[in-house]
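Here is a short tour of a two-chain model, written for reading alongside the viewer.

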Amino acid sequence: MAEAAHAAAEQTVQEYINHHLSFLTFGKVDGHWGFAHTPEEAMEMGFWAVNVDTLGWSIFLGAAFLLFFRSVGKRATVDAPSGIQNFVEAVFEFVDARVSEGFNYKNDLIGPLCLTLFFWILLMNTMDLVPVDLITKGFEIFAAVVFGFEHAPFKIVPTTDPNITMGMSVFVFLLIIYYSIKNKGIGGFLSELAFHPFGKWMMPFNLIIEVPTLFAKPISLGLRLFGNLYAGELLFLLIASMLGYWQLPAHFVWAVFHILVIPLQAFVFMMLTIVYLNAAHDKPHH
Amino acid sequence: MEMILAFTALGVLLVLGMGALGTAIGFGILGGKFLEGSARQPELAPKLQGSMFLVAGLIDAVTMIGIGIGMWFTFANPFLATLAG
């Protein structure tokens, strides 16, 4: 009896974790469009499945960032700036200093791009500090009461969705290729791939080195952010599900660790964007 | 099936363990160099610290990717899905 009860409780821990790791996926299930009710259904949806929860949160946080910075920017004063204005100016100057020292060419896109990347990723990562069930349970109750949708999954940290992080890094990759071709010409870009680091007689060898390096940039950029946040969120889930009342100090300790990772990953994403785009603007050596 | 579960567990632990090993050694060397550098030129310490955190984020990268893959194998083992399907 005790083992059966224990087995039932163990299953619930597994189910709890799987429930909190699933997205609210919208796609084609059995021929008609709707939300996935189980992770297996979500997997069957294939390519045209949209994670509505992370998409909604990422758009909401992006809009919040834009409105906040714009409203502070419009009301900015030189004499007696408010605390909020000081904060926004501090963030702006931080990104500006990094871009100035890392990017050596003239390009009006880089500054706003890096500010957006940094602060948007920072906001999305900070959602990880909200207690695990606080918003998720609320949404589950809301969906069950209003729509009759039982056990609705709801993830509030968009950067734990590889779609969001890879989407950002693929966009940065497209910018790298665009600026490389714009500044070096398509011949220059391809010859840089084919004739570096050895001469042109070693072209296959050069390609074997250069092409994976090129593709490793967006893959590592996106997966680095995803992996860090996924591991952090998973640890919060494990602490929440397995420790009973001891979870409260354990949550606090892990949150203090995680507070370092949250801005650090945003900073690393921004810095790597600056470094890659700077390299894309470099003229070829010959 | 039991063999798949057992070997998956071993595999995940290897991924996590070796990731932790590499990261720890990397951070140790990085931190040591930072301390040396800032002892030589204390006025450069803030700049060095910024660069140190940048490189720390990079060192973490593949370890975290490994953790992600490890957790994927633990909770949604694709080999079990192949067995079932």
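A helix in this report is a DSSP run of H or I with at least four residues, while a strand is a run of E with at least two. With that in hand, please remember that this is a predicted model.

**Chain B**

The UniProt record, an unreviewed entry, places the feature "domain: V-ATPase proteolipid subunit C-like" at residues 10-72 of chain B. Over residues 10-72 of chain B, 94% of the chain is helix and 0% is strand.

Chain A holds an open sheet of 3 strands, in the order β2-β1-β3, and the pairing is antiparallel. Its edge strands are β2 and β3 of chain A, each of which pairs on one side only. In general, the strands of a sheet pair through backbone hydrogen bonds.

| Strand | Residues |
|---|---|
| β1 of chain A | 25-29 |
| β2 of chain A | 32-35 |
| β3 of chain A | 50-51 |

Between β1(A) and β2(A), which run antiparallel, there are 4 bridges. If you look across this pair, you will find A:F26 opposite A:F35 in β2(A).

**A closer look at A:F35**

Is A:F35, with its 18 C-beta neighbours inside 10 Å, buried, exposed or partly exposed? A residue needs 20 or more such neighbours to be buried and 12 or fewer to be exposed. A:F35 has 18, so this residue counts as partly exposed.

Which residues does A:F35 contact, leaving aside its neighbours within four places in sequence? They are A:L24, A:T25, A:F26 and A:F149. As for A:F23, it sits 12 residues from A:F35 along the chain, and the C-alpha atoms of these two residues are separated by 9.9 Å.

**Where the chains meet**

The contact between the chains takes 17 residues from chain A and 12 residues from chain B. On the side of chain A that touches chain B, α1 (2-21), α8 (203-242) and α9 (247-281) each supply at least two residues. Of these, α8(A) gives the most, with 9 residues. By class, this side of chain A has 11 nonpolar, 5 polar and 1 charged residues.

**Confidence**

Chain A has a mean pLDDT of 88, and 95% of its residues reach 70 or more. Within chain A, confidence is highest in helix α5 (residues 110-126), at a mean of 95, and lowest in α1(A), at 70. Where pLDDT is low, the predicted coordinates should not be read in detail.

Methods. Residues numbered from 1 in each chain as written. Chains lettered and ligands numbered in written order. Predicted model: local features only at pLDDT ≥ 70, side-chain atom pairs only at ≥ 80, totals over all residues. UniProt positions renumbered as here; feature names shortened; annotations may be inferred. Pairing = 2+ DSSP bridges. Contact = placed C-beta atoms within 7 Å. Nonpolar A, V, L, I, M, F, W, Y, C, P; charged D, E, K, R; others polar. pLDDT = per-residue confidence, 0-100.
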